[in-house]
Amino acid sequence: MRRFALALMLIIAPLAALAPRTALAVQPDEILADEGLEARARAISRDLRCPVCQGESIDDSSAPISRDLRLVVRERLVAGDTDGEVIAYIVDRFGEFVLFNPPARGANLVLWLAGPGLLLLGLGGAYLYVRRRGVPVPVDDLTVAEAARLREVMKD
Amino acid sequence: MIVELGHFALVLAFGVALVQTVLPMWGAYRRNAALMAVAEPAAILQFVLVLASFGALTYAFVVSDFSLKIVVDNSHTLKPMLYKISGVWGNHEGSLLLWVLILALFGACAAWFGDNLPPTLRARVIAVQGSIGVAFLTFMLFTSNPFVRLEIPPLNGQDLNPLLQDPGLAFHPPFLYLGYVGLSMSFSFAIAALIEGRVDAAWGRWVRPWTLAAWVFLTIGIALGSWWAYYELGWGGFWFWDPVENASFMPWLLAGALLHSAVVVEKRESLKAWTILLAIMAFGFSLIGTFIVRSGVITSVHAFANDPERGVYILMILAVFTGGALTLFAFRAGSMEAKGVFAMVSRESALVVNNLLLAVSCFVVFIGTIWPLIAELGWGAKLSVGEPFFNAAFAPFVVGLAVVLPLGAMMPWKRGEIGRGLRALWPAALLAIAAGALVWAMQTGRSSMGPIGVILGVWVVLGSVTDLWTRTGRGAITARLGRLGRLPRADWGKSVAHAGVGVTIFAVAAMLSWKVEDIRVVQIGETFALAQYDVTLLGVDEVEGPNYLSTMATLQVRRDGALIATMQPEKRFYPVAAMPTTEAAIQSSLLRDLYVVIGDAQDGGGWAVRSYVEPFAMWLWGGAMIMALGGALSLTDRRYRVAAGARRTREADGVPAE
């Protein structure tokens, strides 16, 4: 449940689209007896977005559709699907919108590679800059007056 | 009457801001002292007027003046006084007024504390600050006026959103805004310097305390918000990578970078153009944050259509200020000649690496935040970018920063040797790896995140201690301890803030990897095990609060039979707003928090109960507070006590340096 963000929005944005939310997302009756399967179900649900909420995962959301999706995830796991098959099953029905982790292919590659790309570019730029700074800049010679003053001082 | 005066004061403030922008700027151009002298009184007057306006709005909330639309929408007579007052900024219009108030406050501070600035620079800084005021005052007066009256006032209000009726959230926005808007000062200094065409060590020294103050406030504001999310949310999450959170995080990252690059400008007269660019970008991201949050364009693309006027106006402000600043930068950047020379291995280079990592990590957060928008506008794809992406894409930067931090902090200016730094730091490195290995051996079959967090945390904290200790020079321990107390506050501030970073990194890793969760149905009187604790549900009662109804459970927590805590989590219902909230019960201690939430009554009897052991939770906010404390310590360094500092340097002229 993204209440923190929601509240921030509320502070700064007009009160809009505010659905009542209750405390619990994952209900005790949803939990699978098999701990391994349950752990996988939780991990999968954390990466799936609730289709009707503002940026909550189905693991956090108390919306009825999220509960349905959590149950579907568990059903598929019990039926023997792999994590990938479960996710594919849900994406087939709801589209890639429900994936919080956009797959790194197609145009999304830009999203994934933008950071490392910019870092490399920045490192290159920084290297060139630092190397240039390493060349000593010729110090301005003393002016005649300064030289005279220096001789004066050195005499003392 | 008072409300009308407040409204009038706001309109007057707009006029004053206009004068504050135009006359000093023109005066500085013409070298006209009389015109430049308008800057200070104008800045102070603008602040007083906005303050009066803010006071009038607060008054309307305190006396529950329901002829005002904003009060009807956000208040109720039964609401506790604290939340009547915090209701002033618990909505779009009022929070914008707070924004402008803080903006005017910073302008006035430039007038009050700017005695030692060259007159033209001071006039220009205050003028630029005034122009931001003009933009936001127009925005407020034309699209978001808080003083809109209702023709037929209702008998009572609709209440503030119950989620916002919380002490943590009452103080969260003011701090956040002090941070956001504080960056406007760095921006104004950058623009003024670009117009002057001069950036030197003195400029670096003036701009740093403002950036530092903004960064400290932003740190506190973000930590308060995160803490509030943790206890109010219901399952101990503390950060969600939501667009709105990212909006506050991006300026924080850039302010951190700016803080460090301004040091290079001040001490070594290098990185000037980059520092100016950072100052522009940091405030630019504050504006982008304002845009994201107030237009709703990113959380939900469709909300944009609901309020096109506001969104478009903020976009215009963003385009004019950031675009204008960058254009000015493009023309003037070439004239900023760097002086300092430094080698590949040096403090300067380390700070360049720091800046690179912070700036690129900010970019990663930015692109992740706007990617759904790009995808929808670009090729019509509806997709989401959330926690998994941000965790994967952001974590490497944290690791990189933490690894480099202690080495860079101890590196000498101009020219250093990696070997020498490592010699001083090897005990810290050894201890960090040993601690990580110990934790790795102790934990059972979980991720490597915990041990990595321990290694990085210990490395950064011990590295900061080593840094401070090395500064005491050589000699007997007692002599060095004595010198420790006499080190400049800036040195202390640096080490304390860095140690805070280490503590925070450790706490984040610990909370993410060692949290224990339990969800179950509990009958009244039943006892269940949570990690090493035994939790008993004693009963569930209906309780009536001042403006809500509560379902309150009472649980006892025992360890080996000894009573540790009696906890009372609540489910509240606010009838006026017709909204439920969750009040988790939290028992904090040094090493862990116990965290209990009560859910719904079950059909077969009993109650749904969620309980958690949150390891090292206090360390997370503690770490953030240590960071802020470090910043504050550094701010109190005598070099920054502006007027006093200027006088002292003059006195000290006769004494040879070092």
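Mentor: In chain B, helix α6 (residues 92-113) and helix α7 (residues 119-143) have axes that come within 10 Å and cross at roughly 165°. That makes α6(B) roughly antiparallel to α7(B). Before going on: this is a predicted model, in which local features need pLDDT of at least 70 and side-chain atom pairs count only at pLDDT 80 or more, while totals for chains, interfaces and linings use all residues. Residues are numbered from 1 along each chain as its sequence is written, and chains are lettered from A and ligands numbered from 1 in the order in which they are written.

Trainee: What makes α6(B) and α7(B) roughly antiparallel?
Mentor: Angles run from 0 to 180 degrees between N-to-C directions, and the axes are lines fitted to C-alpha atoms, for helices over the stretch in contact. Under 35 degrees counts as roughly parallel, over 145 as roughly antiparallel, 65 to 115 as roughly perpendicular, and the rest as oblique. The angle here is roughly 165°, so the pair is called roughly antiparallel. The crossing is left-handed, a term for a near helix turned anticlockwise from the far one by less than a right angle, with clockwise giving right-handed.

Trainee: Which residues of α6(B) and α7(B) meet?
Mentor: Contact requires C-beta atoms, placed from the backbone, to lie within 7 Å. Among those in α6(B) are W99(B), V100(B) and G107(B), and the α7(B) side includes G130(B), G133(B) and F136(B). The helices themselves are DSSP runs of H or I with at least four residues, strands are runs of E with at least two, and both are numbered from the N terminus.

Trainee: Why are α3(A) and α4(A) called oblique?
Mentor: Helix α3 (residues 64-78) and helix α4 (residues 83-94) of chain A cross at roughly 140°, their axes coming within 9 Å. That angle falls among "the rest", so α3(A) and α4(A) are oblique to each other. Their crossing is right-handed. L69(A), V72(A), V73(A), R76(A) and L77(A) in α3(A) meet E85(A), V86(A), Y89(A) and I90(A) in α4(A).

Trainee: What is the secondary structure of chain A?
Mentor: Chain A has six helices and zero strands, in the pattern α-α-α-α-α-α. Of its 156 residues, 36% are buried.

Trainee: How do you know that α19(B) is largely enclosed?
Mentor: Buried means 20 or more other C-beta atoms within 10 Å of a residue's own, exposed means 12 or fewer, and partly exposed is in between. In α19(B), 21 of the 26 residues are buried, so the rest of the structure largely encloses this helix. Helix α19 (residues 489-514) of chain B reaches 36 Å from its first C-alpha to its last, close to the 38 Å expected at 1.5 Å a residue; the expected span is 1.5 Å times one less than the number of residues. α19(B) also packs with helix α20 (residues 617-635) of chain B at about 165°, with axes 7 Å apart, and is therefore roughly antiparallel to α20(B). Their crossing is left-handed.

Trainee: Why is E387(B) partly exposed?
Mentor: It has 19 other C-beta atoms within 10 Å, so partly exposed is the label. Leaving out residues up to four places away in sequence, E387(B) touches F100(A), F240(B) and W241(B).

Trainee: Which residues touch the most other members of the largest nonpolar core?
Mentor: V100(B), F189(B), L254(B), A255(B), A279(B) and A282(B), out of 240 residues. Helix α9 (residues 201-233) of chain B gives the most to this core, with 21 residues. Such a core is a set of buried Ala, Val, Leu, Ile, Met, Phe, Trp, Tyr and Cys residues joined through C-beta atoms within 7 Å.

Terms used: Contact = placed C-beta atoms within 7 Å.
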